[in-house]
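Here's a quick tour of one model, starting with what surrounds its cavity and moving on to ring contacts.

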Amino acid sequence: MNKILVTGGCGYIGSHTIVDLIQHGFEVISADNNSRSNASILDGVERITGKKIKNYLVDLCVFDDTHAVFQENPDIIGIIHFAAFKSVGESVEHPLRYFDNNINSLINILRCCEEFSIPNFVFSSSCTVYGNPDESPVTEETQTKLAESPYGYTKQMGEQIVQQTVNSNKIQSILLRYFNPVGAHNSIEIGELPIGKPANLVPAITQTAIGKLPQMQVFGNDYPTRDGSCVRDYIHVSDIAHAHTLALNYLIAQKNTRNCEVFNLGTGNGYTVLEVINTFEKVSETKLNYQISGRRAGDIVGIFANNEKAKQQLGWVPQFNLEDMMRTAWQWELKLKNLNQNK
Ligand code: WQD
């Protein structure tokens with residue numbers, strides 16, 4: 001079986017991607033130091049797939065420890081690199097922490113990719129590389145602007161590092177630009193596990209609805225949009241996960257025409273914050289306690305994807321709509337509450 005190394009495999013998108021990879025015939029190992037994740041999520045992966053996933057508890061910023069994983073697994077034929085810090089707010093407060101972690105870990109992985117001649121590399125990027133676009137939908141050719149945060153800047157630098165590195169060797173790579181990943185696996189065995197108070201919209205909604213948070217803030221309703229709140233392209237995490245399997249198969253089949261190709265992963269639909277809240281209330285049959293507050297620093301007005309390239313070239317078609325995203329996110333929050341009550 002084709003063995004894939006998933007870095008950050010204990011994370012939200014990483015764990016969902018491992019499920020999809022296994023269900024499509026890949027063998028998977030994970031490398032994750034659990035600094036921002038919980039290894040227990042791999043128990044959920046095992047309950048879904050029947051496969052026990054080995055996680056190497058290594059800090060990818062330490063080259064020798066990273067190298068040891070590759071020495072122990074000379075049969076790796078592909079890497080999906082998720083491992084990175086991802087909080088916009090935290091990156092503004094601690095930029096050097098983000099540059100050090102996100103860039104040094106990427107460099108170490110790429111050094112090993114080169115040394116062990118691993119032919120296929122998929123990089124976890126983000127729509128944040130577009131900055132505040134003049135218009136949407138954005139295509140992969142839309143001019144990227146200076147990122148609005150150090151986190152976003154590490155994704156822009158990461159894309160450049162991958163592109164420059166693969167130009168000088170035989171690695172074939174794909175950059176996947178996620179829009180806003182939300183929701184949980186249909187089995188409700190895995191989902192998002194935010195650490196501390198959630199910065200992102202959907203966990204803030206579900207934690208408020210379940211009573212973990214007393215009230216949530218809608219950061220601004222005075223933007224030039226349909227209802228004044230910001231527009232984003234929310235995409236189910238399982239749709240994001242499947243795109244990684246398709247991207248790997250695309251590279252393994254050598255269908256790529258360049259050694260570094262970029263794909264947008266969004267539904268192509270933009271929803272406002274208030275529309276997301278309304279959809280959540282409808283699906284969960286609960287009333288959300290929120291208040292309109294001031295704008296959040298660093299927020300862009302709106303963005304959504306043109307996803308035609310991923311559809312045409314990867315054969316990727318998002319399966320989940322906004323109601324599915326809200327329903328699975330809510331079911332996952334209910335599951336977490338039950339698990340905590342039974343502890
Ligand atoms: C969405 C909208 C907020 C919380 C960032 C990164 C992106 C990705 C996802 C990593 C905004 C509003 C939010 C709340 C609110 N990160 N909001 N109240 O900022 O679009 O994207 O996270 O993968 O790369 O840039 O996502 O969910 O934080 O915010 O009103 O309590 O919800 O203002 O308009 P964002 P988000």
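The lining of the largest cavity splits into five nonpolar residues, four polar and one charged (Ala, Val, Leu, Ile, Met, Phe, Trp, Tyr, Cys and Pro count as nonpolar, Asp, Glu, Lys and Arg as charged, the others, Gly among them, as polar). This is a predicted model, where local features need pLDDT of at least 70, side-chain atom pairs count only at pLDDT 80 or more, and totals for chains, interfaces and linings use all residues. Residues are numbered from 1 along each chain as its sequence is written, and side-chain values use heavy atoms, with hydrogens and water left out.

Among the residues around the largest cavity are H81, N102, F123 and K155. Helices α5 and α6 are the elements that give two or more residues to this lining (helices are DSSP runs of H or I, at least four residues, numbered from the N terminus).

Now the rings. F99 and Y153 have ring centres 6.1 Å apart and planes at 80 degrees, so they pair edge-to-face (centres within 6.5 Å; planes under 30 degrees apart are stacked, over 60 edge-to-face, the rest tilted). F99 sits in α5 and Y153 in α6, 54 residues apart in the chain. By relative accessible area, F99 is partly exposed at 24%, and Y153 is also partly exposed, at 36% (buried is under 20%, exposed over 50%, partly exposed in between, with a 1.4 Å probe and protein chains only).

Two lysines lie over ring faces (NZ of Lys or CZ of Arg within 6 Å of the ring centre and within 35 degrees of the ring normal):

| Lysine | Ring | Distance from ring centre |
|---|---|---|
| K54 | Y56 | 4.6 Å |
| K309 | F263 | 5.0 Å |

Conventions
Rings of Phe, Tyr and Trp (its six-membered ring) pair if their centres lie within 6.5 Å; planes under 30 degrees apart count as stacked, over 60 as edge-to-face and the rest as tilted. On a 1 Å grid over the protein atoms alone, a cavity is a set of points where a 1.4 Å probe fits but cannot get out, and a pocket is an open set with protein on both sides within 12 Å along at least five of seven lines; lining residues have an atom within 4 Å of a point.
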